[in-house]
Amino acid sequence: MTKSKSSASDCQLIKSDCILCVSGCGINAYVEDGKLVKVEGMPEHPLNKGFLCPRGENLVEYANAPDRVRHPMKKVDGEWQRITWDEALDTIAGKLKEIKEKHGAHALAIFCGSMAVENIELAAFTQRFKGAFGTPNLISVESICFRIRVVAHLLTFGRFISEDPDQAKCILLWGNNPDDSRFYWADTIRERVHRGELKLVVIDPKRTQLAKDGIHLQIRPGTDTALGLAMLNVIISEGLYDKEYVEKCTVGFEELKEHVKDYTPEAVEEITWVPAGDIRKVARMYATAKPACIVPGTCSLAHSGNALQAERLLCIMQAVTGNLDVAGGWAMTPLPRLSDLRVPVEEDPVGAEEFPMFYKTWGKAVPYGQAMTWPDQVLSGKPYPFKALIVTGGNPALTMPDSKKFREAVSKLDLVVVINPFMTETAEMADIVLPACTFLEKMGLGMVYAINAGLPYILLRKQVCDPPGEAWADWKFWTELARRLGLGKYFPWNTDEEVVSHLLEPSGITLQQLKENPCGVFFDKKNYAARESFGFRTPSKKVEIASSALKEAGHDAIPTHREPGQSPVSTPDLAKKYPLILITGARMREFTHSQLRSMTQMRRRAPEPLAEIHATTARDHGIIDGEMIFVETRKGRIRLKARVTQDIAPKVVSIPHGWAQANANILTDVQERDPVSGYPMLKGLLCRIAKAGP
Ligand SMILES: Nc1nc2c(c(=O)[nH]1)N[C@H]1C(S)=C(S)[C@@H](COP(=O)(O)OP(=O)(O)OC[C@H]3O[C@@H](n4cnc5c(=O)[nH]c(N)nc54)[C@H](O)[C@@H]3O)O[C@H]1N2
Ligand SMILES: Nc1nc2c(c(=O)[nH]1)N[C@H]1C(S)=C(S)[C@@H](COP(=O)(O)OP(=O)(O)OC[C@H]3O[C@@H](n4cnc5c(=O)[nH]c(N)nc54)[C@H](O)[C@@H]3O)O[C@H]1N2
Ligand code: SF4
Ligand SMILES: [Mo]
């Protein structure tokens, strides 16, 4: 642990990072007697440069929260009873052995939440346990967030390429609202626009704060692929594409040229609500302002019902305009090589058969199944029954689509275990709840692979304060459980330091080096010549505009507009009953998904969830700002307060997720999903609203 005396008082200063969300901002933590007493942004950190969002500023309240789970607990006749770690682990191990003998290892599913991304050690140990136990069924938020972008890049480029917008002359913020989801970046963009260095386009059904500083294309939810194809129609027909790059580095351009002919700006105006003139203007601006960079939101296109093709289209746009491998376009960010703790399992996981493109790319499998298919399999018992679930780093009872079905599936199991620092809605459903350390109470590795800011940088996340009660780090839970199951040989580590050192081994970076550099180290540089040094790892060794793999699997080789499964166009009868379009999951600065609802400072700033509706919609329904309304889809209805605004597209309703009192996932529908990846359509569903009375 690297600690130095703060000049201001006699508390210790510990330089670390915050992983309350995927950004991983640097923090200066001030600690007294093992307690966190003050937090500031770390000025030396390359991402947040000393600033923190409201959640980060509130870490002292988080670290000292009175409502932590402090001891293992088991449910007896519906009441929680305190037990020892020994009793908890013996009970779980005993039950798991029994289940494995009777039903096979695959009857255990392990759910890993968004901590699978933020917390490398947590993800690595979860994957190791899954393999050591022998179940293929790790299910995770990767079935709903980000992974599909990786698949799109692998199919198109053979590797992952990230946005590198710092020197861009034109940025297309595509379903991306950094003021709420990536605060550290929003002001940078605004300042560059105001200095005249940057042309900004915001593609969003909502007029976000940044949309007011640029050109706003107020798109109908779920029609992004059509818009992109229309932009390519303009770029290709007007000869604005990068001919040399296209010729040298891509395959399938001639097919694309034919394909986009149908997508004239006029035809696409009908589909997307974006005026043809604006499509032309933005297409020309994007193709000619070099370098230019599309920066999509992490999951807005992934939740559109056409997830894979929408993500692939952005890859094609960057390639055709010559904006790959350039500063200000998309470029490769080297990641550190960390130890792979996975233990292979022969059997395929749940969802692999239905969504093989999600599960395997170029023959390489991901370590998890498509979680969207899990509840149905539990409920049908086919092809085999599930009996147990362990949940770590997530709150799926609230965050996974179709909460009712998810909860029903969970209630059918013989054993449900949740490890979490807090008593979540999922933990309430468990048989055993285990107290987890937060990131402030254990050591780990911090990286910056945030969207728009991937950096070849690594930092040692130090233990900042003492865990409350009997909270354990996740790695210790998996290790102790494995040892009781006779799987101890897979888990030889005994301390945080051993775990971190082992993970670092292949990287050439040492724990000592990280300790000596408490502000973190750059281990490499961005790579702007990846094409030369790595090549595109597709079968053609080129950018696959037309994808051979997708074609072979029976999907569109070139992205095609696919009308959302529910929409005024595809289901006009349903649209008569539910005439509005719902987008769920608007990010709020004060919260991460379902977390932090018990933080008084956050609740003071944002006491309750709000449904944003347009002023004309409000007027048509006789609804006034601040009034309680029902938002209803064919799956269910929730009650929350209306926020009447001019900024949302008329006919669109936007709600946040993660609120138990008005759970957005009562409304979502796991049946509506991307045909290639199985990603659920959390944005673009049909809904209606009504006054709900006081
Ligand atoms: N404060 C906070 N920040 C977070 C999180 C959090 O919970 N809280 N979660 C983090 C995580 S895990 C993720 S995945 C990201 C998610 O966030 P991102 O996917 O990166 O997106 P946002 O920045 O929230 O912006 C999404 C925008 O997309 C718009 N949108 C909705 N539907 C459509 C559509 O069909 N087409 C287009 N073009 N736009 C659409 C919305 O109106 C919204 O303005 O945020 C991360 N950051
Ligand atoms: N309708 C709708 N639903 C959505 C979305 C949407 O846009 N719309 N977005 C989706 C997206 S993109 C995502 S990523 C998911 C997120 O889904 P989840 O990951 O389920 O969401 P969180 O509420 O962040 O859950 C993280 C949990 O981890 C716990 N935790 C924190 N630190 C630790 C730790 O060190 N160890 C352990 N064991 N637990 C810890 C927290 O207390 C919290 O309960 O939500 C998805 N759900
Ligand atoms: S954006 Fe906020 S919550 Fe996320 S890592 Fe940074 S300070 Fe923490
Ligand atoms: Mo996410």
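## Pockets and cavities: the ground rules

On a 1 Å grid laid over the protein atoms alone, a pocket is an open set of points with protein on both sides within 12 Å along at least five of seven lines, while a cavity is a set where a 1.4 Å probe fits but cannot get out; lining residues have an atom within 4 Å of a point. Grid points are joined across faces, edges and corners, and a volume is the space filled by probe spheres set on the points.

A word on the model itself. It is a predicted one, where local features need pLDDT of at least 70 and side-chain atom pairs count only at pLDDT 80 or more, though totals for chains, interfaces and linings use all residues. Residues are numbered from 1 along each chain as its sequence is written, chains are lettered from A and ligands numbered from 1 in the order in which they are written, and side-chain values use heavy atoms, with hydrogens and water left out.

## The second largest pocket

This pocket has a volume of about 680 Å³. It is lined by 34 residues, and the closest to its centre are Leu 47, Lys 49, Tyr 184, Trp 185 and Thr 188. Helix α8 (residues 183–194) gives the largest share of the lining, with 9 residues. Helices here (H or I, at least four residues) and strands (E, at least two) are DSSP runs, numbered from the N terminus.

Sort the lining by class and you get 15 nonpolar, 13 charged and 6 polar residues. For that count, Ala, Val, Leu, Ile, Met, Phe, Trp, Tyr, Cys and Pro are nonpolar, Asp, Glu, Lys and Arg are charged, and the others, Gly among them, are polar.

The largest has a volume of about 100 Å³, and among the residues lining it are Cys 18, Cys 21, Cys 25, Cys 53, Ser 181 and Phe 183. Its lining splits into 7 nonpolar, 4 polar and 1 charged residues.

The second largest cavity holds about 50 Å³ of space. Its lining includes Ile 19, Val 117, Glu 118, Tyr 449 and Arg 461. Strand β21 gives the most to that lining, with 3 residues, and both α4 (115–118) and β21 supply at least two. By class, the lining of the second largest cavity has 7 nonpolar, 2 polar and 2 charged residues.

## The sheet around β22

Strand β21 also belongs to an open sheet of 3 strands, in the order β21-β22-β23, with antiparallel pairing. β21 and β23 stand at the edges with a single partner strand each, so one side of each has no neighbour in the sheet. Strands count as paired if DSSP finds at least two bridges between them. β21 (residues 444–448) and β22 are joined over 5 bridges, with Gly 444 opposite Arg 461 in β22. On the pairing with β23 (residues 521–522), β22 has 2 bridges, and Ile 458 stands opposite Val 521.

How many of the residues of β22 (residues 455–461) are buried? The tally is 7 of 7, where buried means under 20% relative accessible area, exposed over 50% and partly exposed in between (1.4 Å probe, protein chains only). Leu 455, Tyr 457, Leu 459 and Arg 461 point one way, Pro 456, Ile 458 and Leu 460 the other, and all are buried.

## The β3–β4 hairpin

Strands β3 (residues 26–32) and β4 (residues 35–41) run antiparallel, joined by 6 bridges. Ile 27 has Gly 41 in β4 as its bridge partner. The hairpin has 2 residues between the strands, and Asp 33 takes a positive phi near 50°.

## The two ligands

Ligand 1 has 30 residues around it, of which Ser 181, Arg 182, Asp 204, Asp 224 and Thr 298 come nearest; a residue is near a molecule or strand if one of its heavy atoms lies within 4 Å of it. A polar side-chain atom of Asp 204 is 2.6 Å from an oxygen atom of ligand 1.

A backbone N or O atom of Thr 399 lies 2.7 Å from a nitrogen atom of ligand 2. From the side chains, a polar atom of Asp 474 lies 2.8 Å from a nitrogen atom of ligand 2, and an N or O atom of Arg 587 is 2.9 Å from an oxygen atom of ligand 2.

Notes
Polar contact = N/O pair within 3.5 Å; in protein donor to acceptor, adjacent residues only side chain to side chain.
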